[in-house]
Number of protein chains: 2
Amino acid sequence: MTLWALEIEYDGRPFMGWQRQKHGLAIQQVVEEAAARVRGGAEVTEAVSAGRTDAGVHAMGMIVQIELPELTPFRIREAMNFHLKPNPIVVLRCCPAPDGWNARFSATSRSYRYIISNRAVPPALEAGRVWHVRQKLDAGLMHDAAQTLLGHHDFSSFRASACQAKSPMRTLDFLAVTREGDKIYVETRARSFLHHQVRNMVGSLVKVGEGSWPAPKLAEVLDAKSRAAASVTAPAEGLYFTGVVYDPALPLE
Amino acid sequence: MTLWALEIEYDGRPFMGWQRQKHGLAIQQVVEEAAARVRGGAEVTEAVSAGRTDAGVHAMGMIVQIELPELTPFRIREAMNFHLKPNPIVVLRCCPAPDGWNARFSATSRSYRYIISNRAVPPALEAGRVWHVRQKLDAGLMHDAAQTLLGHHDFSSFRASACQAKSPMRTLDFLAVTREGDKIYVETRARSFLHHQVRNMVGSLVKVGEGSWPAPKLAEVLDAKSRAAASVTAPAEGLYFTGVVYDPALPLE
């Protein structure tokens with residue numbers, strides 16, 4: 001057996017999130033059971049992912065490591081996708097893991113996209129895939145305010161109470177807000193994020209976008225270093241884990 | 001009561017198509033029953049749509065006419081959306097129907113989009129919303145070949161055997177094929193289409209795109225005026241009814 005790196009896409013709606021749960025199906029469990037079948041045995045080994053997404057969060061470029069046979073990347077991908085069916089999880093690309101590489105600890109940056117449907121009526125075609133915000137949002141204002149969060153800060157104001165990270169210090173490398181028609185896209189990138197950090201930042205950015213908060217308030221919220229200072233957590237359904245960077249890059253195919 | 005024009009969006013996956021069926025839920029039935037509730041009565045009146053989409057086909061700008069009370073467009077939209085829940089059907093905009101206007105017969109053009117996911121692995125995030133074609137497609141070749149179908153022709157080669165139109169003659173005004181990443185978009189517009197015409201044209205365009213047919217074959221298939229000459233019907237799941245034109249335009253709000 002060899003350690004493989006798999007790039008996977010999933011629809012988060014039917015799952016309890018990445019991490020195995022006692023009650024309800026998790027993406028980790030589905031990937032581990034498919035891999036066990038590809039190995040031809042009943043023994044399940046642990047899958048480690050670059051990020052542990054919450055229930056309802058989607059992914060289009062999640063990286064996972066797991067033990068699999070020594071086959072070509074094409075055969076590993078086909079075999080995994082056969083056994084992942086009918087779950088909405090697919091392996092997009094894969095490669096044997098480089099020596100000493102770890103899906104979680106070797107990641108030098110992680111990217112997320114958050115999608116808001118900003119229109120009067122709820123989404124029919126994209127239910128469960130976007131956050132519906134009725135109140136008209138000013139994406140330009142949101143973008144400008146977002147820039148105050150860039151850099152190395154104590155992000156306690158945007159950290160879930162259940163967050164298990166040792167430190168609330170994080171370095172935010174990129175945070176951009178753009179509008180396309182009635183959709184608002186929030187793109188962000190950092191080495192790592194605190195639990196709920198992206199959803200909490202989006203919740204507060206929406207306060208600025210709808211005009212409830214003046215833009216400078218976002219810096220005050222950050223300075224307060226208190227979850228109570230920030231706004232609500234944006235719902236999971238609008239969040240997509242979009243990619244991971246490793247140095248050197250994985251030779252995925 | 002007044003005749004209203006409603007612009008609706010729907011996810012076609014859970015429905016038997018637009019038209020009422022004895023076995024299984026149709027979009028028409030859901031709209032008619034929601035409208036009856038908005039009218040506060042049990043009596044159901046008929047909804048007429050600009051197009052009758054098949055099972056699994058989606059819509060983002062379908063126009064429907066139905067009797068509703070004399071209220072503001074805002075209240076009609078809110079009331080309809082309340083009663084349409086939890087079905088994935090929403091009223092986007094609406095207005096009282098102009099005198100003599102008919103959702104079906106007054107339409108001067110109808111537009112459709114067809115989306116192909118053109119990559120090695122099946123879609124997880126967009127299952128049921130795109131046609132997955134593994135074989136690499138050349139969108140430029142498809143677009144060039146598509147132009148031979150423009151204009152006034154006998155479209156018998158692209159007509160479902162169940163088609164009830166009196167004539168196979170149709171005028172195709174627009175047919176464009178573009179690629180964005182691993183998606184191929186086919187956009188088309190005509191006064192009206194034969195049953196399955198868009199899906200049958202897409203099925204044959206894919207033959208050209210994958211290199212199985214030389215581009216000039218599309219003109220031969222059209223000339224044959226026989227369904228047997230063309231390729232398979234592309235699946236319903238990739239098709240979106242995107243809009244209708246009326247002259248004068250509806251004052252939707």
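Modeller: Buried area is the accessible area, taken with a 1.4 Å probe, that two parts lose on being put together, summed over both. This is a predicted model. On that basis chain B and chain A bury about 1,800 Å² between them, 56% of it on carbon and sulfur atoms.

Colleague: Which residues of chain B lose the most area to chain A?

Modeller: V121(B), A124(B) and L125(B), which together account for 36% of what that side buries.

Colleague: How many residues of each chain are in contact?

Modeller: 26 residues of chain B are in contact with 26 residues of chain A. Contact here requires heavy atoms within 4.5 Å.

Colleague: What makes E78(A) and R134(B) a salt bridge?

Modeller: The cut-off is 4 Å between a side-chain nitrogen of Lys or Arg and a carboxyl oxygen of Asp or Glu. For E78(A) and R134(B) the N to O distance is 3.1 Å, so the pair meets the rule. Between chain B and chain A the count is four salt bridges, and ten residue pairs are in polar contact.

Colleague: Which elements of chain B supply at least two residues each to the side that touches chain A?

Modeller: They are β1 (2-10), β3 (58-68), α2 (73-84) and β4 (89-96) of chain B. β4(B) gives the most, with four residues. The residues on that side of chain B divide into 15 nonpolar, two polar and nine charged.

Colleague: Why is R77(A) called buried and E78(A) partly exposed?

Modeller: Buried means under 20% relative accessible area, exposed means over 50%, and partly exposed lies in between. R77(A) has 10%, so it counts as buried. E78(A) has 24%, so it counts as partly exposed.

Colleague: How do you know that R93(A) and E7(A) link distant parts of the chain?

Modeller: R93(A) is in strand β4 (residues 89-96) of chain A and E7(A) is in strand β1 (residues 2-10) of chain A, 86 residues apart. The closest N and O atoms of this salt bridge are 2.7 Å apart. R93(A), at 36% relative accessibility, falls between the two cut-offs and is therefore partly exposed. E7(A), at 13%, is under 20% and is therefore buried.

Colleague: What makes R20(A) and E32(A) a salt bridge, and where do they lie in chain A?

Modeller: The N to O distance is 2.7 Å, which is within 4 Å, so the pair qualifies. R20(A) lies in the loop between β1 and α1 (27-38) of chain A, and E32(A) lies in helix α1, twelve residues apart. R20(A) has a relative accessible area of 37% and is therefore partly exposed. E32(A) has 3%, so it is buried. By this rule the count comes to 20 salt bridges over all chains.

Colleague: How do you know that D54(A) carries the feature "active site"?

Modeller: That comes from UniProt, from an unreviewed entry. Such annotations may be inferred rather than shown by experiment. In the model, D54(A) lies in the loop between β2 (48-49) and β3 (58-68) of chain A. Not counting residues up to four places away in sequence, D54(A) touches G17(A), H195(A), H196(A) and R199(A).

Terms used:
Residues numbered from 1 in each chain as written. Chains lettered and ligands numbered in written order. Predicted model: local features only at pLDDT ≥ 70, side-chain atom pairs only at ≥ 80, totals over all residues. Heavy atoms only, no water. Polar contact = N/O pair within 3.5 Å; in protein donor to acceptor, adjacent residues only side chain to side chain. Nonpolar A, V, L, I, M, F, W, Y, C, P; charged D, E, K, R; others polar. Buried < 20%, exposed > 50% of the residue type's maximum accessible area, 1.4 Å probe, protein only.
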